[in-house]
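This briefing looks at charged side chains and their partners. View the sequence and the model below, then read on.

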Amino acid sequence: MSTTLRFGPELRRLRVEAGLTLTEFSVALNYDKGHISKVERGERSASPELARRCDAFLGADGELQCLVTRPETDSDSSPAGSPAGPSRWLVGRRAVLSAGTGALIDLGLKLGSQALSSADEPLLPSFRMQFDQLRKLGQSTAPKVLLPLLETQTRMITGLAADARSVSRAPALLLASRFAEFTGWMAQEAGDSDAALGWTGEAAELARAGGDPYLGSYALVRRALVTMYGGDAAGTVALARRAQSSELPPRIRGLAAQREAQGHALVGNEVDCLRSLDRARELLAGDDARNGAEPVIGTSHVSDPAAMSTGWCLHDLGRPKAAAEVLDREYHRLPPHALRTRARYGFRRSLAHAASGEVEHACAIAGDLLEVMPAVPSATVNSDVRRLARELSRFRSSRAVRDLQPALARVLAPAHD
């Protein structure tokens, strides 16, 4: 018998063992009784969301989720940050360093080969200020708009480093690596996972050339994010674990532990998920990266990443009420200008309230967010918008849901260039 056909009988067995009637069970899950009955009889397939909630409520420890989750692929076989084939997005560090700044001058960037060699030339601090401004702009601008500028800036700084004196070369390469890493994130937000991995791999190469051996491990965390959004829990956990070596800085290890927790949550492994979150909380609590001279790795707008991830994971573990409480609290701590971050966690917050049966509140949250989505389109956020649309489709009789559907459809409609 296939795993899909086994789900219904197994769900019924666990429900009966728990002493629950079908009515009691459906009310507890905020699902239609007739739908649950058809799932148990094998007449309807269970969604991953329903499986998560059944798992959590019945204490099945991921057993039911395994019966509806597709087989996971091995995402651990290629080097960190390496795309499957030749990359058309990468700076090509060795080629740029050997070519110097000639190509940049041809582009009209008349900066001179001694730009970073002059002691009184404030060019590098200026680029650092630009990076901070671009990162802030990324919170309120479409990624496809920013990508060409980010790619040019990365190439520019890498090229300048080629002709800089040795004392200036390392800081220039390190800044270029941060530009490349942010370019990768914007590529992922634009929906190009291959480009995201390619730019993240290039960031690791630039950082290594500048004397930072650690950003390569962060590339594993970024790869784990790609596999997480692809639903590959095993790949997510494997990649995240590789980035938790004791020699690495606490921030990278903490972000990796956080990503591992999200991988465990995908398959309902609550024990390992909460253990990973505890580890992330401990590592990130003592992190002083925000006070350092270099741009911070990872999010710079979430004041407590481990707490926010806890809310995220609780939803995937099938505990939407607990998730909504945490996400409500943490969401209100986000800065008002961080529209992209607010959309990311706001839709997850709306999803948690919808799954808890608080449909009108969920629609109110989503309605405000949908108004800003055209300004900050995001392929990753759209994955939760799609989940929200599916969740709300169970409440078609609600006027709030009907009123929200046109705005949901506009955001999820395929973009046309």
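R13 forms a salt bridge with E63, with the closest N and O atoms 4.0 Å apart. A salt bridge here is a side-chain nitrogen of Lys or Arg within 4 Å of a carboxyl oxygen of Asp or Glu. R13 lies in helix α1 and E63 in helix α5 (residues 63–66), so the pair ties together parts that are 50 residues apart in sequence. Helices (H or I, at least four residues) and strands (E, at least two) are DSSP runs, numbered from the N terminus.

This is a predicted model: local features need pLDDT of at least 70, side-chain atom pairs count only at pLDDT 80 or more, and totals for chains, interfaces and linings use all residues. Residues are numbered from 1 along each chain as its sequence is written, and side-chain values use heavy atoms, with hydrogens and water left out.

**Around R13**
- R13 also meets E17 in a salt bridge, at 2.6 Å from N to O.
- Both E17 and R13 sit in helix α1 (residues 3–17). They are four residues apart, about one turn of the helix.
- R13 is partly exposed, at 37% relative accessible area. Buried means under 20% relative accessible area, exposed over 50%, and partly exposed in between (1.4 Å probe, protein chains only).
- E63 is partly exposed too, because its relative accessibility is 34%.
- E17 counts as exposed because its relative accessible area is 57%.

**A buried pair**
- E189 and R344 join their side chains in a salt bridge of 2.8 Å, N to O.
- This pair links distant parts of the chain, 155 residues apart. E189 belongs to helix α10 (residues 166–189), R344 to helix α18 (residues 339–355).
- E189 and R344 are both buried.

**E181 and its surroundings**
- Helix α10 also holds E181.
- E181 counts as buried because its relative accessibility is 6%.
- Leaving aside neighbours within four places in sequence, E181 is in contact (heavy atoms within 4.5 Å) with A203, Y218 and R222.

**The wider picture**
- Side chains of opposite charge can pair when their charged atoms come close.
- How many salt bridges does a search of the whole structure find? The search finds 28.
- A network of salt bridges links E49, D316, R348, D384, R387 and R390.
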